[in-house]
Amino acid sequence: MLGASVLGPLVDVTIRGLLGRRRILLVGLLAMSPVGVALILVLGGGSGASAEDLRQLYDSLVMTTVVPLVALILGTTAIGAEIDDGTVIHLLARPVGRSWIVLAKMLVAAISGVMLCGTAALLTGLLLVGLDAPRLVLGMLGGTAVAVIAYTAVFVTLSVWSGRALIVGLGYVLLWEGFIASFFSGTRLLSIREYGLAAAAGIAGPDAGSLAGDVAPAIGLALAALVTVVAFGLGARRLARFEISDAG
Amino acid sequence: MTNAAPVPTVSVNAVAKWYGNVVAVNDVTFGLAPGVTGLLGPNGAGKSTLLHLVAGLLRPSAGSVTVDGRPTFGDPAIYRRVGLVPEREAVFPYLTAREFVRLSAQLQGLPLGSGAVDRALERVELSMAADRELATYSKGMRQRAKVAAALVHDPAVLVLDEPFNGMDPRQRLHMMALLREFADAGRVILFSSHILEEVERVAERVLVVVAGRLAASGDFREIRRLMTDRPHSFTLRTSDDRALAVRLAGRPMVSGLALEDGRLDVRTADFAAFTRELPGLAREAGVSIFELAPADESLESVFDYLVRR
């Protein structure tokens, strides 16, 4: 069975698949929405935006809506779309370890998500506070990356497990991350959003302000890493036992 | 083409596949030897399920499927020996045919400079259009691109699900010749088709699947002969049809005779006795036999009979 040498071709075909689908435009627009809001604040605000405005925008829009939705679309498109249209058979009927296929899908979804959401976080930060709070902006960048990586790993795996990954993932984002984990502090240890916020607060240090939450930065990072690794393992395991649906 | 060694063996033992209460394949056993085997059956008979079981893309609910003694499901390494052409038209539309076949070669671990990609494209006559995106291809061209991707590593076992779909007559003939060429080089070819004429022209053996069960397997002429509960029909052209008919009418193995428009149609319930006794009867009657042809040995006849039974 082939090893790491197949990663390049798998990553290549996944990137082209993502770029070739129309939903990537939607992802781009969604990812850049905080930049639009920041522009409105900058252009419309008389006295200028504060670091607290940025923290609130990051918490309520970037981490609650933009990051999970972008990760959801990228994660489910990376392999779910191939399972839906049947092209995944051209990868499965090859002597390639299934873990390499899952790894390639997760890498592409995570890197493109980090690039899109990270750029948006950076631009939003620079627009609102310029270079006045560089650690806060860096923290936002880091927190975004942590959340995107964990989310995309979960959603790629969800696509391998379920034919309705988009709907299930949307339910998870809206109900669990958006509602339960936001309002019930006891559940925050089980929230990827909280892991991202914890990482952001850790990097931002004294600039963290209201971003500092119930989860300590080190714990948040460790749990995000654990979620990512477990999701990868479950995805690879499931794909190794994956059966092609057919008829006739 | 290089000869792969050793000779591949494909074995399907008491295999069943069910989805909930629906039984797609039930207690099917067969083995495949080098050569072309055609898989026949009406829609929904379980052909694709069987092919996917052989290709390791479905887990048997019962029984086993092995290639060279190794279970096919859950072992990606078998794809070094097995090439699969799926029925679904889906290909990566944003890749050119050359990129698509190259991806297959890379995932097979073939060195890019080996020329395998060009050879595969040439074999399916796609060299000229190889740099066009698959999205712009016709159904038949996509089919050929899938075949090129499946045979780029020169597999010992080639499994094809309805490979002639969408091809024009010239492409079909070319594909048939390609399958024959592969079989002559010692490969195991298993393909499904609903076009009986194609199977008859290419396959040495057939597997007939009806309602998830294997209704018959082997040389289809042999299958026909073994159907002892249905009379066989022959058409004879002789120097004196009437004289031979008189002789045949007295024999117990003959169940029907008809003199029609310069030929003699004979129905017999005992194929072996008929072919054994016919030369002697003709000699006794002083009749020369110019032509003796089975009237119902076509694959279509065999298939119809098995499906209706």
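Modeller: Let us begin with a term that we shall need: a residue is called buried if 20 or more other C-beta atoms lie within 10 Å of its own, exposed if 12 or fewer do, and partly exposed in between. Please keep in mind throughout that this is a predicted model.

Colleague: With that term in hand, does Asp154(B) count as buried, exposed or partly exposed?

Modeller: Asp154(B) has 19 C-beta neighbours inside 10 Å, and therefore counts as partly exposed. As for its place in the chain, Asp154(B) sits in the loop that links helix H4 (139-151) to strand S7 (157-161) of chain B.

Colleague: What should I look for in the backbone at such a residue?

Modeller: The general idea is that most residues other than glycine have a negative phi. In this structure, Asp154(B) has a phi near 55°, which is a positive value in a residue other than glycine.

Colleague: And what is the phi of Ala211(B) near?

Modeller: The phi of Ala211(B) is near 50°, again a positive value in a residue that is not glycine. Ala211(B) belongs to the loop between strand S9 (205-210) and strand S10 (213-218) of chain B, and because it has 15 C-beta neighbours inside 10 Å, it counts as partly exposed.

Colleague: How would I describe chain B as a whole?

Modeller: One can start with its secondary structure, which comes to 10 helices and 14 strands. Along the principal axes, the C-alpha atoms of chain B fill a box of roughly 70 × 45 × 35 Å, and of its 309 residues 44% count as buried. If we take the contacts in chain B with a separation of 6 or more, residues 24 or more positions apart account for 69% of them.

Colleague: How many helices and how many strands does chain A have?

Modeller: Chain A has 10 helices and zero strands. The C-alpha trace of chain A spans about 70 × 35 × 30 Å along its principal axes, while buried residues make up 51% of its 248 residues. Among contacts in chain A between residues at least 6 apart in sequence, 80% join residues at least 24 apart.

Colleague: Why does the radius of gyration of chain A agree with that of a compact globule?

Modeller: A compact globule with 248 residues would have a radius of gyration near 18 Å, and chain A has 19 Å, so the two agree.

Colleague: At roughly what angle do the axes of helix H9 and helix H10 of chain A cross?

Modeller: The axes of helix H9 (residues 192-204) and helix H10 (residues 217-240) of chain A cross at roughly 135° and come within 8 Å, which means that H9(A) is oblique to H10(A). H9(A) passes H10(A) in a left-handed crossing. Among the residues that meet there are Tyr195(A) and Ala198(A) in H9(A), and Leu221(A) and Leu223(A) in H10(A). By class, this contact has 11 nonpolar, two polar and one charged residues.

Colleague: Finally, how many residues does the contact between the chains take from each?

Modeller: The contact takes 28 residues from chain A and 30 residues from chain B. On the side of chain A that touches chain B, the elements giving two or more residues are helix H1 (7-19) and helix H5 (89-92) of chain A, and the largest share, four residues, comes from H1(A). By class, that side of chain A has 13 nonpolar, eight polar and seven charged residues.

Methods:
Residues are numbered from 1 along each chain as its sequence is written. Chains are lettered from A and ligands numbered from 1 in the order in which they are written. This is a predicted model: local features need pLDDT of at least 70, side-chain atom pairs count only at pLDDT 80 or more; totals for chains, interfaces and linings use all residues. The radius of gyration is taken over C-alpha atoms; the globule rule is 2.2 Å times the number of residues to the power 0.38. Two residues are in contact if their C-beta atoms, placed from the backbone, lie within 7 Å. Ala, Val, Leu, Ile, Met, Phe, Trp, Tyr, Cys and Pro count as nonpolar, Asp, Glu, Lys and Arg as charged, and the others, Gly among them, as polar. Axes are lines fitted to C-alpha atoms, for helices over the stretch in contact, and angles run from 0 to 180 degrees between N-to-C directions. Angles under 35 degrees count as roughly parallel, over 145 as roughly antiparallel, 65 to 115 as roughly perpendicular and the rest as oblique. A crossing is left-handed if the near helix is turned anticlockwise from the far one by less than a right angle, and right-handed if clockwise.
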